[in-house]
Amino acid sequence: MTSILKQIKKRRLTLGLKQNDMMLRIGVSRQQYQRLEAKGNPRLDTLQLIAQGLNSELVLIPKEKLSAVLAILEQDPSLHLAPNTYPVAPASVKEDAKKSLADDPWQDLLGDDQ
């Protein structure tokens, strides 16, 4: 659970939001959000609210598809793909994607970074 809590905090900081800002975005007090982000065990509906507040989505990724998803997330967000087409990244790109996404899982995913 700590991994997802760290990702939530990192995403919030990437968006330049304070814990108090989450009150307006998801309807919980700063204290409630602070507790949740620090050591909480949020319910699924709470995680969905937080994801929406952070302009994100919750997604389950099968382990066998993880490297392909990571490679796609690493691609240039301006790249437009036709529906139902999936780029194939070379193995070296997939390895680099694993390394850099481990450090920053939100890397300009939504184009919010400056």
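**Close-up 1. Val59 sits in the loop between helix 4 and helix 5 (66–74).** Helices here are DSSP runs of H or I with at least four residues, and strands are E runs of at least two, numbered from the N terminus. This is a predicted model, where local features need pLDDT of at least 70, side-chain atom pairs count only at pLDDT 80 or more, and totals for chains, interfaces and linings use all residues. Residues are numbered from 1 along each chain as its sequence is written, and side-chain values use heavy atoms, with hydrogens and water left out. Val59 counts as exposed, because its relative accessibility is 59% (buried is under 20% relative accessible area, exposed over 50%, partly exposed in between, with a 1.4 Å probe and protein chains only). Together with Ile61 and Leu66, Val59 makes a nonpolar surface patch of about 240 Å². Patch members have over 30% relative accessible area and no salt bridge; nonpolar side chains (Val, Leu, Ile, Met, Phe, Trp, Tyr) are joined within 5 Å, like charges within 9 Å. A salt bridge puts a side-chain nitrogen of Lys or Arg within 4 Å of a carboxyl oxygen of Asp or Glu. Areas come from Shrake-Rupley with a 1.4 Å probe; for residues, only the protein chains shown count as cover.

**Close-up 2. Arg12 is a buried residue in helix 1.**

**Close-up 3. Ten residues make up the largest nonpolar core.** They are Leu5, Ile8, Leu17, Met22, Ile26, Tyr33, Leu36, Leu47, Ile50 and Leu54. Ile26 touches Tyr33, Leu49, Ile50 and Gly53, leaving out residues up to four places away in sequence.

**Close-up 4. Ser29 lies in the loop between helix 2 (21–26) and helix 3 (30–39).** Ser29 is partly exposed, at 24% relative accessible area. Ten residues away along the chain is Gln19, and the two C-alpha atoms are 8.7 Å apart.

Methods: Core = buried A, V, L, I, M, F, W, Y, C linked by side-chain atoms within 4.5 Å. Contact = heavy atoms within 4.5 Å.
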